[in-house]
Amino acid sequence: DLARNFVSRMNQTLPNFKMISALRKFGFVKFFSDEETAIVLGLTPYSKKSYEDALQTIKRASGISPMALGINASSDDLKPAQGKIAMIIVSDWDDLGNTPVAAAEEMKRQFGDRICIYPVMVGKDPEGIKLMEKISNAGQCGFATYAEQVASEEDMAQFVEKVFFTKSLAFL
């Protein structure tokens, strides 16, 4: 719920402008599906309403998060993307191991200077904080942040400006 709320607030803060967007979820939803990662909204021209509608279909996940699978699948999702790419990963960063770092490094190799990675943490897991920083470093041009650091409208507006209007024109 915290992650979905963060992404929803970010979506509502974005101005209507021309960009391509996508939304992918990762996490095991016990009792409902064996799916570990899935595209929720494919690479398409950005629309605040369609993005919000897709976001609201995501149900709460539990268990170990397969972030590396999500990052690898996102690399495939983004292959047709042109121009700069902002990869925003929202997670509690709990119990992920180090495989997401290798996946982020591979994504950076694949997209080069076109991609920046922006990890966002909901929660305060000490090991997760270290992992989040490693993922950000793998992207070489993004930055890590905590959802609570962008809780106000003004802080979210600054986050959106730094991510979307400095270097990036697409997000996932």
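# Reading the buried parts and their contacts

Me: Does Cys116 count as buried or exposed?
Reply: Buried means under 20% relative accessible area, exposed over 50%, and partly exposed in between (1.4 Å probe, protein chains only). Cys116 has 2% relative accessibility, so Cys116 counts as buried. This is a predicted model: local features need pLDDT of at least 70, side-chain atom pairs count only at pLDDT 80 or more, and totals for chains, interfaces and linings use all residues. Residues are numbered from 1 along each chain as its sequence is written, and side-chain values use heavy atoms, with hydrogens and water left out.

Me: Which residue does a disulfide join to Cys116?
Reply: A disulfide is a covalent bond between the sulfur atoms of two cysteines. Here the test is two cysteine sulfur atoms within 2.5 Å. The count is one disulfide. Cys116 is joined to Cys141, S to S 1.9 Å. The link is left-handed, with -120 degrees about the S-S bond. Distant parts of the chain are linked: Cys116 is in strand β4 (residues 115-121), and Cys141 is in the loop between α5 (126-139) and β5 (145-146), 25 residues apart. Helices (H or I, at least four residues) and strands (E, at least two) are DSSP runs, numbered from the N terminus.

Me: Which side chains have a polar contact with Arg24?
Reply: Look for N or O atoms within 3.5 Å; within protein, one must be able to donate a hydrogen and the other to accept it, and residues adjacent in sequence count only if both atoms are side-chain atoms. Arg24 reaches the side chain of Thr37 at 3.1 Å. Its contact with the side chain of Asp77 is 2.7 Å. Arg24 is in strand β1 (residues 20-26). At a relative accessible area of 16%, Arg24 is buried.

Me: Which residues of the largest nonpolar core touch the most other members?
Reply: A nonpolar core is a set of buried Ala, Val, Leu, Ile, Met, Phe, Trp, Tyr and Cys residues joined through side-chain atoms within 4.5 Å. The largest has 27 residues, and Phe6, Met10, Ile88, Phe159 and Phe164 touch the most other members. Helix α6 gives the most to this core, five residues.

Me: How do the rings of Tyr118 and Phe143 pair?
Reply: Rings of Phe, Tyr and Trp (its six-membered ring) pair if their centres lie within 6.5 Å; planes under 30 degrees apart are stacked, over 60 edge-to-face, the rest tilted. There are six aromatic pairs. Tyr118 and Phe143 are edge-to-face, 5.0 Å centre to centre with 80 degrees between the planes. Tyr118 is buried at 1% relative accessibility, while Phe143 is partly exposed at 26%. Phe6, Tyr118, Phe143 and Phe159 form one aromatic cluster.
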